[in-house]
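I opened the notebook to record, entry by entry, what I looked up in this structure and how each term was defined.

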Amino acid sequence: MKSTGIVRKLDKEGRIVLPKQLRRLLELSIDDPIEILLDEKNIVLRKYSSNPACIITGEISEQNIIFKKENIALSPQGIKMLLKELENMAIEI
């Protein structure tokens, strides 16, 4: 993760304010949903999208293919990368 150098305190309600420059950089607007994730001892905030991110490229797109049973999403580019990697592994065997 990249440090921004920005520090904010929680208010008495447990809220923080995201600085305007970060909201602009991440293209966040009022009422945009924000997803809260935990990464070991870190809290990660990201703009929520109902389309899951590709597990290979991280791309969020309506074109991503979702394998519901396994809860895995792959973008068209991620599928190409995966196939290429699998072909390379088959050649080595």
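Entry 1: I began with Asp11, which is partly exposed because its relative accessible area is 33%; the class runs between buried, under 20%, and exposed, over 50%, with a 1.4 Å probe and protein chains only. Arg15 has a relative accessible area of 51% and is therefore exposed. I noted that the side chains of Asp11 and Arg15 meet in a salt bridge, 2.8 Å from N to O, the term standing for a side-chain nitrogen of Lys or Arg within 4 Å of a carboxyl oxygen of Asp or Glu. Side chains of opposite charge can pair when their charged atoms come close.

**Entry 2: what I was reading.** I wrote down that this is a predicted model, in which local features need pLDDT of at least 70 and side-chain atom pairs count only at pLDDT 80 or more, while totals for chains, interfaces and linings use all residues. Residues are numbered from 1 along each chain as its sequence is written, and side-chain values use heavy atoms, with hydrogens and water left out. The protein averages a pLDDT of 88, and 99% of the residues score at least 70; pLDDT is the predictor's confidence in each residue, from 0 to 100.

**Entry 3: the other salt bridges.** How many salt bridges does a search of the whole structure find? I found three. In one of them the side chains of Lys47 and Asp32 meet at 3.7 Å, N to O. Lys47 lies in strand β2 and Asp32 in the loop between α1 and β1, so this pair ties together parts that are 15 residues apart in sequence; helices (H or I, at least four residues) and strands (E, at least two) are DSSP runs, numbered from the N terminus. I also looked up Arg46 and Glu35, whose side chains meet in a salt bridge at 3.1 Å, N to O. Because Arg46 lies in strand β2 and Glu35 in strand β1, the pair ties together parts that are eleven residues apart in sequence. Arg46 counts as partly exposed at 41% relative accessibility, and Glu35 is partly exposed at 24%.

**Entry 4: a buried serine.** Is Ser61 buried or exposed? Ser61 counts as buried because its relative accessibility is 15%, and I located Ser61 in the loop between β2 (42-47) and β3 (65-67). A polar atom of the Ser61 side chain lies 3.0 Å from the backbone nitrogen of Gln63.

Note on methods: A polar contact is a pair of N or O atoms within 3.5 Å; within protein, one must be able to donate a hydrogen and the other to accept it, and residues adjacent in sequence count only if both atoms are side-chain atoms.
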